[in-house]
Amino acid sequence: MELEKVNVKLPDVSDIDLGYAAGFYEGEGSVCSTNDSSCCVNITQKDSEPLVKLQELFGGNINLYNGYHYWRLYGDECKAFIVLIFNQLSARRRKQIEKYENFFYSIECCPNKHPYEDGSFRIVDDSRGRIHRQCLICAKAKNKRKNTPANRIAIEYANVSGMSKEEAMKYLYPKKFEEDISDEDETIQ
Ligand SMILES: [Zn+2]
């Protein structure tokens with residue numbers, strides 16, 4: 001993999017910490033694919049302490065699920081982590097990562113093609129410990145749509161008529177009804 005071509009900001013991490021992280025990943029880590037065929041880094045531990053250290057160094061999220069802690073890195077943080085430790089990994093580990101080679105050279109986007117950049121999305125996790133990336137541009141547009149008077153009227157009409165909100169919307173505003181932006185957040189496994 002041509003790591004020098006990966007366009008990403010690298011965190012400032014000492015050689016000792018990089019060695020620690022590489023060794024830890026070698027023993028305990030994995031790459032997992034997300035549903036947009038990009039990848040994430042995952043390390044699962046019973047004890048959260050070493051994961052907190054990794055989070056301090058490289059970012060990412062730690063989730064507790066079924067008694068285990070999951071540290072996961074997505075997007076640019078994932079790219080930066082791999083770029084920094086790649087050369088210290090075994091051939092087997094490198095091969096696993098190289099399957100996602102395209103991800104490392106791409107700019108990731110939400111389903112509506114807004115690029116995921118620093119500050120353009122937030123990570124939300126659901127009750128089952130799954131993580132979603134929520135595009136803030138789409139979330140803002142969605143919120144705006146929800147707050148229109150037409151929408152409030154449709155909700156009231158739906159309550160009275162027994163229609164669903166979508167049906168009420170179509171019934172009341174047949175011309176206006178148009179779903180311009182996908183409501184789907186991206187789910188990452
Ligand atoms: Zn978006």
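The largest nonpolar core has 23 residues. Leu73, Cys78, Phe81, Ile82 and Ile85 have the most contacts inside it. Such a core is a set of buried Ala, Val, Leu, Ile, Met, Phe, Trp, Tyr and Cys residues joined through C-beta atoms within 7 Å. Buried means 20 or more other C-beta atoms within 10 Å of a residue's own; exposed means 12 or fewer, and partly exposed lies in between, with C-beta atoms placed from the backbone.

At least two residues of this core come from each of helix 1 (15-28), strand 2 (39-45), helix 2 (49-58), strand 4 (68-73), helix 3 (75-85) and helix 5 (101-105). Helix 3 gives the largest share, five residues. Helices (H or I, at least four residues) and strands (E, at least two) are DSSP runs, numbered from the N terminus.

The model is predicted: local features need pLDDT of at least 70, side-chain atom pairs count only at pLDDT 80 or more, and totals for chains, interfaces and linings use all residues. Residues are numbered from 1 along each chain as its sequence is written.

Take Phe81, in helix 3. Phe81 is buried because 27 other C-beta atoms lie within 10 Å. Beyond its neighbours within four places in sequence, Phe81 contacts Val41, Phe58 and Leu73 (C-beta atoms, placed from the backbone, within 7 Å). Phe58 is 23 residues from Phe81 in sequence, yet their C-alpha atoms are 6.6 Å apart.

A second, separate core has five residues, including Cys110, Tyr116, Cys135 and Cys138.

Helix 7 covers residues 149-161. Just after helix 7, Gly162 takes a positive phi of about 85°.

Conventions
Two residues are in contact if their C-beta atoms, placed from the backbone, lie within 7 Å. The expected span of a helix is 1.5 Å times one less than its number of residues.
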